[in-house]
Amino acid sequence: MISKVFISKVRSLESMDCNFDAGINVICGPNGCGKTTILESIHLLAQGFSFRSRDLRELITWKNNELILRGEFEDEGRSRTRALRVHSRGSEVRENGESLKSPTAFFGTCPAVIMQPSDIELLRGGPEVRRHWLDEILCYRSSANAQVLRRYKRVLQQRNKWLKEFKQNGAAVGGEDLFRVLTQQLIDLGAKLWAARIMLSKEVSEIITRYYRKLSGGVDEITCAYKSSILKSLDALDVADSMTDEMMDEIPAGATVASESGVGIACGECAESSSSVNADGNAADGSDAPSEEMLRNAFSRKLADLEFVERLQGMTMAGPHRDDLALCASGYEMRSVGSQGQCRSAAVAMRFAAVDVASRYLTKPILLLDDIFAELDVNRRDAVASLIREKQCQVVIATPQAEDLPFKADVMIQLKI
């Protein structure tokens, strides 16, 4: 939990000290007074990044040169004092007086989960939004996952740079030898990342489904599936190995082969679903989840097939960086057909799943709520409030009207413009 935070020159907040209780803390005030900025400051000190800006210099108050944040955290009798100074030349980061390389070093010891109205983008937004959510909680499970993710992104960036230079000039620094090395590193790291994501998908899919059922009152159900072209390739290879030439000749033109409890023919959206990983952590056809070696071999074949196109396009065309997490209702992706209420319930369920993963592998996170109750109907408000009480996490809520909250505050912080 966080007990204190000092904020100086952050967005609209000139200077502020806040003390927090282990229970429910409510920050109340009119729009534009800095409520969300306090949540953002807590999140930055806890997680090492902002949920609103990628460049921390954007947080500095207009016409000022730097911002300063300090926070005191307590967890199972252990205290941590964190300090962050951001200026035009970079940032200075400290924990208990020791210098750290960057704010990302904060991640993994004092987790925080943010819930906000824009979370609907977890359903409505592009695949990169869901990948970011998945990778954030992937790092909760293990610091090794965080290392693999960082290395994969770095190698991907280097490989894309090589391909872009080759597209422009017909050659690139390091030559073909460097390209082969980068490709092999991408294959090895990609297989590790896929294996970790598939394992995580097994865990969170069940949790999301359970929370959505509570939030919707059991009216409807959702399912989650990890979508990857590599899994689709593995399905196709498994089926091709098991089919005779006569069976292949009988496949209608334009159909896609998919393994579904044996041999099956799937087209369009069904084929996409059959290549996913379901809530059991297995391929959607009911087979065991692919091993890291299987993923490595499939990725190697995929990149070999795409190499000519990649050199023309100047970018890596396959890999974990192009995957998605599909949430479906009645067999259709909620991104396309889900109502506002369904999507908001699913987004809240995803955030509570993050709370559960953090609690299991790290410690109970700080739950940051940015005026989320205004977007929910009465039944969903009550369901969310019940889940918050059940989690027994420290809660910091930003709201313009405290009297509308479905529970009583232990600490009230009143802001004015």
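Lys-9 is partly exposed, with a relative accessible area of 21% (buried is under 20%, exposed over 50%, partly exposed in between, with a 1.4 Å probe and protein chains only). The model is predicted: local features need pLDDT of at least 70, side-chain atom pairs count only at pLDDT 80 or more, and totals for chains, interfaces and linings use all residues. Residues are numbered from 1 along each chain as its sequence is written, and side-chain values use heavy atoms, without hydrogens or water.

Lys-9 sits in strand S1 (residues 2-10); strands (E, at least two residues) and helices (H or I, at least four) are DSSP runs numbered from the N terminus. Most residues other than glycine have a negative phi.

| Residue | Phi | Place | Relative accessible area |

On the surface, Lys-101, Arg-150, Arg-151 and Arg-154 form a patch of positive charge. Patch residues have over 30% relative accessible area and no salt bridge, and like charges are joined within 9 Å; a salt bridge is a side-chain nitrogen of Lys or Arg within 4 Å of a carboxyl oxygen of Asp or Glu. Arg-154 belongs to helix H4 (residues 143-169) and is partly exposed, at 44%.

The chain has twelve helices and 17 strands. Of its 417 residues, 50% count as buried. Among contacts (heavy atoms within 4.5 Å) between residues at least 6 apart in sequence, 69% join residues at least 24 apart.

Technical notes
Patches are made of residues with over 30% relative accessible area and no salt bridge: like charges are joined within 9 Å, nonpolar side chains (Val, Leu, Ile, Met, Phe, Trp, Tyr) within 5 Å. Accessible areas come from the Shrake-Rupley method with a 1.4 Å probe; for residues, only the protein chains shown count as cover. Lys and Arg count as positive and Asp and Glu as negative; His and the chain ends are not counted. The place of a charge is taken as NZ of Lys, CZ of Arg, CG of Asp or CD of Glu.
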